[in-house]
Amino acid sequence: VGAYLRKTAELYKGGSYTLKSTVTSTAFEGEIKLTRVVDGNNIYQIQEEPIGSYGVVSVRDEAYDFDNACGMYRKSESVPVTTVVEEVVDQNLPVNIRLNEGFVVEQYTFTGSTYITNIDFYFDEATEELKKYTMTYISEGQDNVTETRVIDSVSETVDVKVFDLEFLNEMTDFEELTESGRQSFCKKILKSKGVTSAHLDKASVTDEDLKTIEFDSLFNL
């Protein structure tokens, strides 16, 4: 692993930090604002998109997915524990280094049975700070997709208020809804978001399906 990436990983592994970045991709239009806050074992991550914001929070080994746009949450079995930076360092991937217009670029490659992911980390040549990274996903039989994450800021300052789970009390626990309650909740949400019967038909979702629809399926709608 290159020296610049290892130095960046030391900050992330230090136990407390706030990371803000802007995500763009060839797979979608516009941009996503991503904020990740880590304080020891507590993790808070939120994505802000034009349609709304959603994320995951893990406090004292309890993790929850939440969707501010729909006002719902559920208990989660997983949480993004590490960043791509940490994953590359943990796997000790070999590096290719090149210079590019004031940047030192460290390139790494994940290789699977049917896919390859190339990751280029761009470090300021003067300050050695990570400024952005691009991930190019090459999958068998699919068009290549490139995602770019620009680092807006990173600091060791943490706002611990994000780990106060009281905000969940203002939302609906999706997993605790009865079938009729889930159907009613979904109808209200879909109407407020402009999802029509034509959209439901296209997604092959019937009114009856709303009684047992999963959290992720509603989120995708």
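Author: Below are the cysteines first, then one arginine. This is a predicted model, where local features need pLDDT of at least 70, side-chain atom pairs count only at pLDDT 80 or more, and totals for chains, interfaces and linings use all residues. Residues are numbered from 1 along each chain as its sequence is written, and side-chain values use heavy atoms, with hydrogens and water left out.

Reader: What makes cysteine 186 buried or exposed?

Author: Buried means under 20% relative accessible area, exposed over 50%, partly exposed in between (1.4 Å probe, protein chains only). Cysteine 186 has 0% relative accessibility, so it counts as buried. Cysteine 70, at 12%, is buried too.

Reader: What is the nearest side chain of opposite charge to arginine 36, and how far away is it?

Author: Glutamate 86, at 4.8 Å. A salt bridge takes a side-chain nitrogen of Lys or Arg within 4 Å of a carboxyl oxygen of Asp or Glu. Arginine 36 is buried and has no salt bridge.

Reader: Which side chains make polar contacts with arginine 36?

Author: Tyrosine 17 does, at 3.0 Å. Glutamine 45 does, at 2.8 Å. The term covers a pair of N or O atoms within 3.5 Å; within protein, one must be able to donate a hydrogen and the other to accept it, and residues adjacent in sequence count only if both atoms are side-chain atoms.

How values were computed
Lys and Arg count as positive and Asp and Glu as negative; His and the chain ends are not counted.
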